[in-house]
Amino acid sequence: MIIWLMVAAVAGTLLAMWALEDPGYVALARGEVMVQMSMVTAIGLLVLTIAAVLVMIRLVAILWMPGRWARQQLLAGSKTRATRRTNRGFIAYLMGDFAKARQQLLASVGNVDSPMLNYLLAARSSQYLGENDRALELLEEAQLADENAQAAIIMVQAEIYQQQGHWEQSIAILQRLENTDNNSALRLLAMAYEELKDFASLYQLLPKLEKYRVFDAEKLSALHLAAATGQLDRAMNDIEKGHADNSSLAAIWGSLAKQDRRNASLAAHYASILKQRAAESDAEKLLRPLLERQSPDVLIEMYGQLKGSDAMKQLKKLQGLDRTDRTALIALARLSCGAELWGQAKDYYQRAIGLTMSAKVALELASVLRKLKDETGALEVERSALVALAHN
């Protein structure tokens, strides 16, 4: 701009010097009428006339163009003005002023290089304002503005459907992005499966969630557990309703990844289901090899509740862990009862109660004492259990 101003100043100075030296003249004649003026005046009038004609052509073009385009042109003004409005819209969006953001973004949409972004952010603004129908309309405009924006449009549509509680519709459109590395799409898809309790689909999605690191390790572990236990519980429910048999449980367990079948909490949960289905021997066989690799409380507690095919072998297995904490002592006491080793069971129960008093465990000890014909001791333990229960 500075260079052009300098050129104009120099040109103006030269023109003025030339006009002073010899202004010249221009004569326009029509019949008997003649108009005469200096050449400088004639040139000025010519420039003004050309400018006026260009302005008139622009106004006529705007008025004769289709209404929508004309409105956008009138609202957006020049490209520079449209850019400024778009920038103000972006800032308002980031500041959380979604009504202003939408107004600014739509006002400049007709005169920016990428109107799809304006429509997309305006749609999100409408979404945050709770105007979901308006948001969907703007997404259609974004689609028309740029067909390559399909992924971004699907994302916003899915969020709107989920806000409305239309989880099935959300899944239907998100599945079009399932084979991509779009973290946000995979996250929304996982949320929809979890909300609808579609645990089988959620479990199938887990490898992609891990591959693209959609969630942190803690969340992924929780999803593994939720998806697997959800499938097992649903199968158990179907069996109780007569829609399936025990083979469906085994099929689901076999379909799980090896790392999940080795998960202590999940294995204990499956063992508890097998126990309910009168398959305690199968449950004991399931947990036995896991105790060789790990011995968390959830496994030991469950193992102590099972009645396997060989009570003594099961008891020795747990004794081999050489644990003397309360959980292990109670499990050992229960297995000793299964092996009808009442004196040993009494010792384990008393040691467990010595660590922490529990009404339930005390009642189990009272039952053992009656097996040993110690009615007085049983009554005393039961009184202690009632005191503990009242205190709690």
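These notebook entries record what I looked up in a predicted model.

**Basis.** I number residues from 1 along each chain as its sequence is written, and I leave hydrogens and water out of side-chain values, which use heavy atoms. In this predicted model, local features need pLDDT of at least 70 and side-chain atom pairs count only at pLDDT 80 or more, while totals for chains, interfaces and linings use all residues.

**Strands 1 and 2.** I looked up strand 1 (residues 26–30) and strand 2 (residues 33–37), which run antiparallel and are joined by five bridges. Strands are DSSP runs of E of at least two residues, and helices are runs of H or I of at least four, numbered from the N terminus; two strands pair if DSSP finds at least two bridges between them. Arg 30 has Val 33 in strand 2 as its bridge partner. The hairpin has two residues between the strands, and Gly 31 there takes a positive phi near 65 degrees.

**Thr 180.** I found Thr 180 in the loop between helix 9 (167–174) and helix 10 (183–195). Leaving aside neighbours within four places in sequence, I noted contacts of Thr 180 with Leu 186 and Tyr 212 (heavy atoms within 4.5 Å). I also looked up Leu 355, 175 residues from Thr 180 along the chain; their C-alpha atoms are separated by 55 Å.
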